[in-house]
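I'm opening the notebook on a two-chain model. The plan is to look things up one at a time and jot down what turns up.

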Amino acid sequence: MRLLLAALSTLVLAVASPARASSAPRRPALPFVEDDYPKALALARARKLPLFVDAWAPW
Amino acid sequence: MRAEVFTDQRLRKQAGRFVWLSVDTEKAGNAGFLEKFPMDAWPTLFVIEPAEERAVLKWLGSADVNDLRRLLADGERAVRSTRASPADAALARADRENGAGRPAAAAPLYREALAKGGPRWAGRGRAVDALLLALGEAEDWQACAREGEAQLPPAARDASFANGAALALSCALSAPEDAPWRAAALERLEGLAQEALQVRSALPDDLAGLYEELVQAREARGDAPGARELARRWWAYLEAASGRAPTPEARAVFDSSRVSAALALGDPALALPALQGSEQALPGDYNPPARLAFLYRELGRQPEALAAAKRALARAYGPRKLKVYDLEASILAKLGDRAAERVALAEALAYGAALPGGQRGPREQKLLARMQARLEQPD
């Protein structure tokens, strides 16, 4: 784990986190819903399961 | 995590325990999520109780497979409030406070969990890291550094220890330079961070980040030769780690550290070949050309810097595009082209004004205010 608090960054672009894979990534092991919170929330309510969210950014 | 952790097939057994959502915080369509669940560190992992839409666990930073398994178990416990040991129950309460955006209130609950769990508690490493993160988020730098000094020495030398050492050192570095406790804390925490560099189970990019904290600590203590020597080791580590990376995106994980390490060595050109390689391998990603623009600017090669910034702008989206505009404007200023600089700043301000509310947080507002001030400066 690495803390990426923006407040701790000293360089706008040099201190950053992993880049977004724009070429084909390896197959995900988990069935992620992509960028659709309402859909994921509705699924979680219907299935009575907690919702896990990976909130990331391409930087 | 997207390149390395979520692709790990050992996680397939976890699939039915949660509904899984991936949120690119730069996309305008996700602004509503950000309004409900504000964040200022990337990645941030949430476990959300769906009936009331409450974040019951919020984790700043990445996690390896083992960390993630632990987070998932703790998240389930925080949602369901089912049978739990006193320590795990206290940890769940702490996670719920932290998830609700109250890190200062969560910190004493994490301490309670640690006290109840004792030295052999399986959740100890995660709880120590969560405590340090909560204190860091609350900007209680001294308490964070002190907890690191108190909790880490007896801990197992595992990935949590490495993460905790980096967090505590970050906190000490973030404190005001004239804080009377800072220098001694930096020295003690530097020792722990040095130990953490030997942790084999730590994520490679975590170790790359740890080198960065250590170099900054040495610089803060006025040890320029020591900082330079460590930066050389950092660079060698990055070369080896990226050489082992199986895919271009896994190699690009080290790009930001390469830039920082090259700067620490006083040789920005050192990072150019890797960044050029990343741009070629990841043509849709704005990061490599943005980093190249930054390096060229530092090297005084402004025409190349400007061209790279324009390539980055063509690919960037979301709030981070503001940073690329800011970079472009700074390059134009170095070129002495005030008219073009003003155009770039005006474009950035219009772009920022059009961002949805959830994507225009305090950081973006601050950046926009700075660009507005530069635009209004007399020629």
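**Ground rules.** This is a predicted model, where local features need pLDDT of at least 70 and side-chain atom pairs count only at pLDDT 80 or more, while totals for chains, interfaces and linings use all residues. Residues are numbered from 1 along each chain as its sequence is written, and chains are lettered from A and ligands numbered from 1 in the order in which they are written.

**Chain A, confidence.** I checked pLDDT (the predictor's confidence in each residue, from 0 to 100) before anything else. Chain A averages 68, and 53% of its residues score at least 70. Residues 1-25 of chain A stay under 50, yet the model has 86 contacts for them beyond four places in sequence; a contact here means C-beta atoms, placed from the backbone, within 7 Å. Where pLDDT is low, the predicted coordinates should not be read in detail. Among the elements of chain A, mean pLDDT is lowest in β1(A), at 95, and highest in α1(A), at 97.

**Chain A, elements.** I read off a β-α-β pattern along chain A, that is, one helix and two strands. Elements are DSSP runs numbered from the N terminus: helices are H or I with at least four residues, strands are E with at least two.

**The sheet.** Which strands make it up, and in what order? I get an open sheet of five strands, β1(A)-β1(B)-β2(A)-β2(B)-β3(B), with mixed pairing; two strands pair if DSSP finds at least two bridges between them. The edges are β1 of chain A and β3 (54-60) of chain B, each pairing on one side only. Neighbouring strands are turned by 25° against each other on average, direction ignored.

I then went through the pairs:
- β1(A) runs parallel to β1 (residues 19-24) of chain B, with three bridges; A:Phe32 has B:Trp20 as its bridge partner.
- β2(A) also runs parallel to β1(B), over six bridges, and A:Ala55 is partnered there by B:Val23.
- β2(A) is antiparallel to β2(B), with five bridges; in β2(B), the partner of A:Ala55 is B:Thr44.
- β2 (residues 44-49) of chain B and β3(B) are antiparallel over six bridges, with B:Ile48 opposite B:Ala55.

**β2(A), buried or exposed?** Six of its six residues are buried, buried being 20 or more other C-beta atoms within 10 Å of a residue's own C-beta, all placed from the backbone. I find both faces covered: A:Leu51, A:Val53 and A:Ala55 on one, A:Phe52, A:Asp54 and A:Trp56 on the other.

**The A-B contact.** I count 49 residues from chain A and 83 residues from chain B. On the chain A side, the elements giving two or more residues are β1 (32-34), α1 (37-47) and β2 (51-56). The largest share, seven residues, comes from α1(A). This side divides into 37 nonpolar, three polar and nine charged residues.

Beyond four places in sequence, B:Ala165 touches residues including B:Gly148, B:Leu152 and B:Leu210.

Methods:
Contact = placed C-beta atoms within 7 Å. Nonpolar A, V, L, I, M, F, W, Y, C, P; charged D, E, K, R; others polar. Axes fitted to C-alpha atoms, helices over the stretch in contact; angles between N-to-C directions. Buried ≥ 20, exposed ≤ 12 C-beta atoms within 10 Å, placed from the backbone.
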